[in-house]
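Me: I would like to go through this structure with you. Could we settle the terms as we go?

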Amino acid sequence: MSEKRLDGKVAWVTGSSRGIGRVVAAHLAELGAKVAVHGTTPTSSRQLNEADSLEAVAQAIADETGSEVMAVHGDLTDESVVAQNVADIRGRLGKIDILVNNAGGDIGTAGVTAERAGKPIQNDALFIDLAEVETIIDRNLRTCILVSRAVVPEMIERNQGWVVSVGSIAGLSGHPSEVSYSVSKAAMHEYTRCLAAQLRPHGVYANVIAPGEIITPRFEASRPTKDERKVEEGALTRYGWPIEVARAVEFFVTSDSSYVTGQVLRVDGGAQLWPA
């Protein structure tokens, strides 16, 4: 059992019905936090066969960790849904100390069950359909802004809080494809930096984690992968694993990072080795 470094804290991890978010939520619960998991629908976790329901995810994490875990759901691009989720979390768990903006991804209008796990087929800077652009930007940037606006003011009131936005190394370099995703993550990074600047006088932290190639069921469904890279140690040319992102979140929401805010931390095994 891990040290209960987050005992007494309340954490909300958006987009945690599956993938990286689910592992982050479980890790924070293992550290003692009360955790709210979130999915767009009550059955989001079924889409790639990661669990039968969002409630099942919450129960599994609670059983694994002994922490209190609840589930909330809804489309976080809708401000009224965000407000209801926040009210539900406060009503059951208390005020939110830790916010992990993990909802997002490069899923277009067809949804995650479509070909290539929802990646738009035409996915460049000029010819992608505008509806796809709007969907991807809303999934990543709008959700981050709306959720932060709903949660962070109470952190300011208490002069304490931690925000971690899960971006991507795609938002730190140029690409001929996945352009809307890259742009939305770059904007998410900059929004979080601006948030950090505003929050400095209040003792509230805001940082970004930019993962590289992290193995999840959706990652494998959305592209060809190489079995020889699916190892957990050895050369850093391997894929990363969700727990390695979760440990970076731990760094940003504990005293380990007591003088660190407004930063973008790549978790990519050194795939990118230049400044942000």
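Reply: To begin with a definition, helices (H or I, at least four residues) and strands (E, at least two) are DSSP runs, numbered from the N terminus. This is a predicted model, in which local features need pLDDT of at least 70, side-chain atom pairs count only at pLDDT 80 or more, and totals for chains, interfaces and linings use all residues. Residues are numbered from 1 along each chain as its sequence is written, and side-chain values use heavy atoms, with hydrogens and water left out.

Me: Which residue follows α3, and what is its phi?

Reply: Gly-94 follows α3, and its phi is positive, near 110°.

Me: What span should helix α3 have at 1.5 Å a residue?

Reply: The 14 residues of α3 (residues 79-92) should span 20 Å, and the end C-alpha atoms are 20 Å apart, which agrees. The expected span is 1.5 Å times one less than the number of residues.

Me: Which residues of α3 are buried?

Reply: Val-82, Asn-85, Val-86 and Ile-89 are the buried ones. They lie on the same side of α3, because they cover an arc of only 95° around the axis; the arc is that of the directions from the helix axis to the C-beta atoms. Buried means under 20% relative accessible area, exposed over 50%, and partly exposed in between (1.4 Å probe, protein chains only).

Me: What covers the buried residues of α3?

Reply: The cover includes β1 (10-13), β2 (34-39), β3 (69-73) and α4 (130-158). Contact here means heavy atoms within 4.5 Å.

Me: Turning to the sheet, what is the strand order?

Reply: The order is β3-β2-β1-β4-β5-β6-β7, in an open sheet of seven strands with parallel pairing. β3 and β7 (264-267) stand at the edges with a single partner strand each, so one side of each has no neighbour in the sheet. Two strands pair if DSSP finds at least two bridges between them.

Me: How many bridges join β5 to β6?

Reply: Six bridges join β5 (residues 161-166) to β6 (residues 204-211), and the two strands run parallel. Trp-162 stands opposite Tyr-205 in β6.

Me: Which strands does helix α7 touch?

Reply: Helix α7 (residues 242-252) packs on the sheet and touches β4 (98-101), β5, β6 and β7; its direction makes about 160° with that of β6. Axes are lines fitted to C-alpha atoms, for helices over the stretch in contact, and angles run from 0 to 180 degrees between N-to-C directions.

Me: And α2: which of its residues are buried?

Reply: Leu-54, Val-57, Ala-58, Ile-61, Ala-62 and Thr-65 are buried in α2. They line one face of the helix, because they fall within an arc of 130° seen down its axis. These buried residues pack against α1, β2 and β3. The face turned away from them carries the exposed residues Glu-55 and Asp-63.

Me: Which residues touch the most other members of the largest nonpolar core?

Reply: Leu-28 and Val-37 do, in a core of 35 residues. Helix α1 (residues 19-30) gives the most to this core, with six residues. A nonpolar core is a set of buried Ala, Val, Leu, Ile, Met, Phe, Trp, Tyr and Cys residues joined through side-chain atoms within 4.5 Å.

Me: What is Val-37 in contact with?

Reply: Leaving aside neighbours within four places in sequence, the contacts of Val-37 include Val-13, Ala-25, Leu-54, Ile-61 and Val-72.
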